Amino acid sequence: MHDIRQIRDNPAAFDAALARRGAAPMSAEILALDEARRAKIHAAETAQADQNAASKQVGAAKAKGDEAEFERLRALVGDKKAEVGALNDAAKALDAQLTDLLMGIPNAPLADVPDGADEADNVEIRRWGTPRALDFAPLEHYQLPSVLPGMDFETAAKLSGARFVVLSGAVARIHRALAQFMLDTHVDENSLTEAWTPVLVREEMMFGTGQLPKFGEDSYKTREGWWLIPTAEVTLTNIVNDCLIDEGYLPRRYVAHSQCFRSEAGSAGRDTAGMLRQHQFEKVEMVSITHPDASLAEHERMTRCAEGILEQLDLPYRTVALCTGDMGFGAQKTHDIEVWLPGQNSYREISSVSVCGDFQARRMNARFRPEGGGKPDFVHTLNGSGLAVGRCLIAVLENGQQADGSVTLPAALARYLGGKTTLQADGTLA
């Protein structure tokens with residue numbers, strides 16, 4: 001959420017930031033609400049002062065035996081009390097309107113974020129690895145003979161409908177191995193703290209990280225009012241919800257492996273084949289809570305953590321800076337990491353790493369107490385996939401495919417697969 005004081009101080013800069021994201025100017029509407037709210041608060045304070053003054057005079061009039069003045073003052077106290085209540089209610093209603101308005105406005109992009117309308121305007125930062133030169137026509141993951149026994153979309157459709165999958169046998173084991181490898185790498189090599197969190201959260205947690213109020217259709221809500229998390233970003237970031245922590249507590253770096261649930265609203269007809277876009281999937285998520293001065297360096301660090309997973313798996317990738325029109329709602333700046341998929345002959349997103357500044361922290365009221373004293377300040381928050389497990393499985397299968405239908409698996413997974421290095425054409429490990 002945006003700082004209303006910054007909008008008051010520089011409304012033109014606020015509108016310019018929104019324009020970079022393709023949004024209409026909103027400072028005039030915001031400041032009109034803010035001015036009305038502040039006017040009601042001021043009027044309530046003035047009426048309260050009048051009430052207090054009259055209350056003091058009531059006793060004096062009674063002591064003097066001035067019954068007429070006593071009754072006049074008593075009536076005035078009652079009138080002022082009602083006026084204060086009405087003005088406070090009006091101020092609260094305007095405050096709620098202002099909060100709702102601010103809650104629906106996206107974060108302001110940093111100055112170095114490239115301008116653009118959509119993914120076509122994203123800017124490549126770097127590439128790693130060279131896609132294999134294949135002497136046969138590559139298949140997509142779900143077409144590989146070795147994968148067919150262990151990736152069942154038909155049974156999943158019977159159980160749950162479209163965009164679900166049942167994994168079994170060797171494919172399920174590789175999927176599990178990937179998640180374990182990611183967790184171990186992030187904990188042992190990247191010094192992240194492993195967490196295990198709920199997948200059902202209260203509504204205010206979804207507001208805290210920005211999934212609500214604007215993007216409710218993208219997630220699932222239970223009859224009891226809980227929401228199924230679209231990513232562990234929601235739970236890991238909200239660990240500091242409504243907290244005032246010591247500066248020495250920062251940075252906090254978390255990683256969690258979780259089930260994720262997304263309705264995929266608005267994606268009809270996109271990536272319907274295979275595992276690329278599912279309603280239920282697994283992700284290893286990274287979240288950092290930092291001092292404001294450290295968040296940009298942390299963004300680079302987290303990007304490298306995600307890239308390192310792909311490098312250890314020997315999967316070619318490219319890293320791009322998202323343009324203003326392609327960034328997520330809460331991001332100030334985002335790096336997308338796209339892995340090479342030979343079956344599609346293209347790079348596809350496998351991780352987004354975003355720095356959010358104090359945007360989420362303001363929504364959550366997450367602050368820190370400076371070590372040298374002084375006024376508490378909002379923390380900065382960051383999140384990123386480290387990585388999407390299902391998409392990583394796709395990349396491993398497609399990049400390791402052989403002409404005979406088997407798959408050569410990354411050496412980094414061998415210790416999680418009992419030393420086995422090949423998914424044979426019959427669907428077994430060897």
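## Pairs, burial and a pocket

Reader: Which residue in β10 is the bridge partner of S258?

Author: The bridge partner of S258 in β10 is K283. The model is predicted, and its local features need pLDDT of at least 70, side-chain atom pairs count only at pLDDT 80 or more, and totals for chains, interfaces and linings use all residues. Residues are numbered from 1 along each chain as its sequence is written, and side-chain values use heavy atoms, with hydrogens and water left out.

Reader: How do you know that strands β9 and β10 pair?

Author: Two strands pair if DSSP finds at least two bridges between them.

Reader: What makes strand β10 mostly covered?

Author: Of the 11 residues of β10 (residues 280-290), 10 are buried; the word buried means under 20% relative accessible area, exposed means over 50%, and partly exposed lies in between (1.4 Å probe, protein chains only).

Reader: Why is helix α11 described as largely enclosed by the rest of the structure?

Author: Helix α11 (residues 389-399) has 11 of its 11 residues buried, so the rest of the structure largely encloses it. In the whole protein, 49% of the 430 residues count as buried.

Reader: Why does A120 count as exposed?

Author: The relative accessibility of A120 is 65%, which is over the 50% cut-off, and therefore A120 counts as exposed. A120 has its place in the loop between α4 (67-103) and β1 (123-128), and its C-alpha is 8.8 Å from that of C323, although the two are 203 residues apart in sequence.

Reader: What makes β5 (200-201) an edge strand?

Author: The open sheet has 3 strands in the order β5-β7-β6, with antiparallel pairing, and its edge strands, β5 and β6 (220-221), each pair on one side only. Helices (H or I, at least four residues) and strands (E, at least two) are DSSP runs, numbered from the N terminus. From β5 to strand β7 (residues 227-228) there are 2 bridges, and V201 stands opposite W227 in β7. The protein has 11 helices and 18 strands.

Reader: How much space lies in the second largest pocket, and what makes a space a pocket?

Author: About 370 Å³ of space lies in the second largest pocket. Of the 20 residues that line this pocket, the closest to its centre are H2, D3, Q6, N107 and A108. On a 1 Å grid over the protein atoms alone, a cavity is a set of points where a 1.4 Å probe fits but cannot get out, whereas a pocket is an open set with protein on both sides within 12 Å along at least five of seven lines, and lining residues have an atom within 4 Å of a point. Grid points are joined across faces, edges and corners, and the volume is the space filled by probe spheres set on the points. The largest share of the lining of the second largest pocket, 3 residues, comes from α2.
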